[in-house]
Amino acid sequence: MKIIFTKLSDEEHSVRVVRADGSEDSGILNSRSCLRHDLAHFAVETELPIAGGYWGSVANGVALAGNEFSGSGIATAESLAAPIQTLMRLNASD
């Protein structure tokens with residue numbers, strides 16, 4: 001899946017996904033509250049890997065803004081993305 005983040009302003013960004021099957025989804029989000037969190041999910045889910053996390057679920061057809069996220073992969077990804085987001089916010093290097 002291709003994930004495209006685009007800065008729209010200092011306050012907002014868009015995210016667009018193009019899935020392997022060619023389907024697409026997009027949305028506009030508040031950058032302050034969402035961008036680091038989305039990137040933290042991407043890092044955690046890619047490196048561990050967690051197939052059933054947020055981005056894996058989106059890759060499998062769940063809508064970006066959907067309410068269909070569930071399961072142990074989501075819980076694990078969420079519990080790991082939050083501290084990574086905090087480290088990013090604090091500019092922690094280690």
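Two residues are in contact when heavy atoms of theirs lie within 4.5 Å. Keep that in mind as we walk through this predicted model, beginning with a sheet and ending at one glutamate.

**The sheet and its helix**

Three strands form an open sheet in the order E1-E2-E3, and their pairing is antiparallel. The edges are E1 and E3, each of which pairs on one side only. On average, neighbouring strands of this sheet are turned by 15 degrees against each other, direction ignored. Here are the strands with their residue ranges:

| Strand | Residues |
|---|---|
| E1 | 2-7 |
| E2 | 12-18 |
| E3 | 24-30 |

E2 and E3 run antiparallel and are joined by seven bridges.

**A glutamate in the helix**

Helix H1 covers residues 31-47, and Glu45 is part of it. Which residues does Glu45 contact, leaving aside its neighbours within four places in sequence? They are Ile50, Gly53, Tyr54, Trp55, Gly56 and Ala77. With Trp55 there is a further detail to look for: the side chain of Glu45 reaches the backbone nitrogen of Trp55 at 2.8 Å.

Is Glu45 buried or exposed? Glu45 is buried, yet it has no salt bridge. The nearest side chain of opposite charge belongs to Arg19, 12 Å away.

Key
Residues are numbered from 1 along each chain as its sequence is written. This is a predicted model: local features need pLDDT of at least 70, side-chain atom pairs count only at pLDDT 80 or more; totals for chains, interfaces and linings use all residues. Side-chain values use heavy atoms; hydrogens and water are left out. Helices (H or I, at least four residues) and strands (E, at least two) are DSSP runs, numbered from the N terminus. Buried means under 20% relative accessible area, exposed over 50%, partly exposed in between (1.4 Å probe, protein chains only). Lys and Arg count as positive and Asp and Glu as negative; His and the chain ends are not counted. A salt bridge is a side-chain nitrogen of Lys or Arg within 4 Å of a carboxyl oxygen of Asp or Glu. A polar contact is a pair of N or O atoms within 3.5 Å; within protein, one must be able to donate a hydrogen and the other to accept it, and residues adjacent in sequence count only if both atoms are side-chain atoms. Two strands pair if DSSP finds at least two bridges between them. Axes are lines fitted to C-alpha atoms, for helices over the stretch in contact, and angles run from 0 to 180 degrees between N-to-C directions.
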